[in-house]
Amino acid sequence: MDVVQRVGCVIMDEYERILLLHRNTAEFQHWDLPGGKVDEGETSAQAAMRELYEELGVHVRLIKLLGSDQFEDALGLFNFHCFQAVIVSGQPAVQELETFDDCDYIDFEDLLGLSLSANMQVLYPKLLSGEIRLE
């Protein structure tokens with residue numbers, strides 16, 4: 001099985017809420033970090049910035065790489081590289097209506113009651129425990 005390279009970005013607002021997209025497809029109905037697949041010839045950082053523009057219509061500045069993990073879901077096996085980013089221009093809004101039906105800033109304590117993507121299920125406990133620290 002080939003391992004697909006994917007990226008995601010943690011973006012926080014001034015109230016320390018995390019920006020998530022709600023994926024609503026035949027395969028998945030869950031909340032996910034904005035991000036996506038790394039294209040051939042692209043670095044993970046380039047992919048993260050491109051994906052944020054494609055999915056949310058925003059330009060971001062990457063602050064740092066938060067870490068990398070491997071996860072598996074119904075579509076395959078993934079190496080996931082997670083960045084912390086800040087929006088430098090644009091207002092987040094769903095751009096890919098065939099895939100996502102909502103985007104919102106969500107309080108960390110409210111994440112427990114939501115259906116989360118596989119990568120968020122790996123990331124969330126690390127953020128809560130302080131294993132991954134945001135700037």
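Me: Why is F80 called buried?
Reply: Buried is the term for a relative accessible area under 20%, exposed for one over 50% and partly exposed for values in between, with a 1.4 Å probe and protein chains only. F80 has a relative accessible area of 6% and is therefore buried. The model is predicted: local features need pLDDT of at least 70 and side-chain atom pairs pLDDT 80 or more, whereas totals for chains, interfaces and linings use all residues. Residues are numbered from 1 along each chain as its sequence is written, and side-chain values use heavy atoms, without hydrogens and water.

Me: How do F71 and S44 stand by the same criterion, buried or partly exposed?
Reply: F71 has 8% relative accessibility and counts as buried. S44, at 25%, counts as partly exposed.

Me: What makes the pair of F71 and F78 stacked?
Reply: Rings of Phe, Tyr and Trp (its six-membered ring) pair if their centres lie within 6.5 Å; planes under 30 degrees apart are stacked, those over 60 edge-to-face and the rest tilted. The centres of F71 and F78 are 5.1 Å apart, with 25° between the planes, and the pair is accordingly stacked. F78 is itself buried, at a relative accessible area of 6%.

Me: Why is the pair of F71 and F80 called edge-to-face?
Reply: The ring centres are 5.9 Å apart and the planes stand at 70°, so the pair of F71 and F80 is edge-to-face. F71, F78 and F80 form one aromatic cluster, and a search of the whole structure finds three aromatic pairs.

Me: How do you know that the charged end of R6 sits over the ring of F78?
Reply: The criterion asks for NZ of Lys or CZ of Arg within 6 Å of the ring centre and within 35 degrees of the ring normal. The charged end of R6 is 5.4 Å from the centre of the F78 ring and is placed over that ring. The bridge partner of R6 in strand 6 is F80.

Me: What makes strand 1 and strand 6 a pair?
Reply: Two strands pair if DSSP finds at least two bridges between them; strands (E, at least two residues) and helices (H or I, at least four) are DSSP runs, numbered from the N terminus. Strand 1 (residues 3–10) and strand 6 (residues 76–89) have eight bridges and pair in the parallel sense. Strand 5 and strand 6 are joined by 13 bridges and run antiparallel, with a hairpin of two residues linking them.

Me: Why does one side of strand 4 and of strand 5 lack a neighbour in the sheet?
Reply: The open sheet of four strands has the order 4-1-6-5, with mixed pairing. Strand 4 (35–37) and strand 5 (59–73) are at its edges with a single partner strand each, so one side of each has no neighbour in the sheet.

Me: What is the contact criterion, and which residues does S44 touch?
Reply: Contact means heavy atoms within 4.5 Å. S44, which has its place in helix 1, touches V7, V38, H81 and F83, residues up to four places away in sequence not being counted.
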